[in-house]
Amino acid sequence: MGSKYTKRYTAEFKRDAIALVDSSGKTVTAVARELGISSESLRGWYRQAKADRGEGAPGELTTAEREELKRLRRQNAEQAKTIEVLRKAAVFFAKESDR
């Protein structure tokens with residue numbers, strides 16, 4: 001089982017690790033082993049960097065697109081809550097006006 005603590009890496013470290021994969025000709029797994037990080041973490045960073053450069057798989061989102069999607073989903077959830085409150089208020093006031 002994994003630990004409860006997730007190690008955070010700086011953007012600079014990630015950028016340098018990705019550059020090392022590109023320039024060294026070594027596999028992602030070999031570079032990750034050298035750096036002492038998870039190969040799956042480095043593989044994810046590398047895949048995202050390729051998508052950001054326009055070299056990703058078709059339909060793969062860039063970092064900017066992912067952030068925008070997250071922001072829009074959050075905004076959508078807030079608006080859904082607002083609509084629900086307004087709907088309940090309209091029902092309440094409709095009942096009050098019938099009295």
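Helices (H or I, at least four residues) and strands (E, at least two) are DSSP runs, numbered from the N terminus. This is a predicted model: local features need pLDDT of at least 70, side-chain atom pairs count only at pLDDT 80 or more, and totals for chains, interfaces and linings use all residues. Residues are numbered from 1 along each chain as its sequence is written, and side-chain values use heavy atoms, with hydrogens and water left out.

**Exercise 1. Find which residues line the centre of the largest pocket, and which helix gives the largest share of the lining.**

Step 1. On a 1 Å grid over the protein atoms alone, a pocket is an open set of points where a 1.4 Å probe fits, with protein on both sides within 12 Å along at least five of seven lines; lining residues have an atom within 4 Å of a point.

Step 2. Take the volume. The largest pocket has about 350 Å³. Here a volume is the space filled by probe spheres set on the points, with grid points joined across faces, edges and corners.

Step 3. List the lining. It has 15 residues, and Lys 14, Trp 45, Gln 48, Asp 52 and Thr 63 lie nearest the centre.

Step 4. Assign elements. H1, H3 and helix H4 (63–98) each give two or more residues to this lining. H3 gives the largest share, 6 residues.

Step 5. The lining holds 5 nonpolar, 4 polar and 6 charged residues. Ala, Val, Leu, Ile, Met, Phe, Trp, Tyr, Cys and Pro count as nonpolar, Asp, Glu, Lys and Arg as charged, and the others, Gly among them, as polar.

**Exercise 2. Describe helix H3: its span and its buried residues.**

Step 1. Check the span. H3 has 14 residues and reaches 20 Å from first C-alpha to last, close to the expected 20 Å at 1.5 Å a residue. The expected span is 1.5 Å times one less than the number of residues.

Step 2. Pick out the buried residues. Leu 42, Trp 45, Gln 48, Ala 49 and Ala 51 of H3 are buried. Buried means under 20% relative accessible area, exposed over 50%, and partly exposed in between (1.4 Å probe, protein chains only).

Step 3. Find their partners. The buried residues of H3 pack against H1, H2 and H4.

**Exercise 3. Classify Gln 48, Asp 52 and Ser 39 as buried, partly exposed or exposed, and name their contacts.**

Step 1. Gln 48 is at 16% relative accessibility, so it counts as buried. Beyond four places in sequence, Gln 48 is in contact (heavy atoms within 4.5 Å) with Leu 61, Thr 62, Thr 63 and Arg 66.

Step 2. Asp 52 counts as partly exposed because its relative accessibility is 40%. Asp 52 and Thr 62 are 10 residues apart in sequence, with 4.8 Å between C-alpha atoms.

Step 3. Ser 39 is at 23%, so it is partly exposed.
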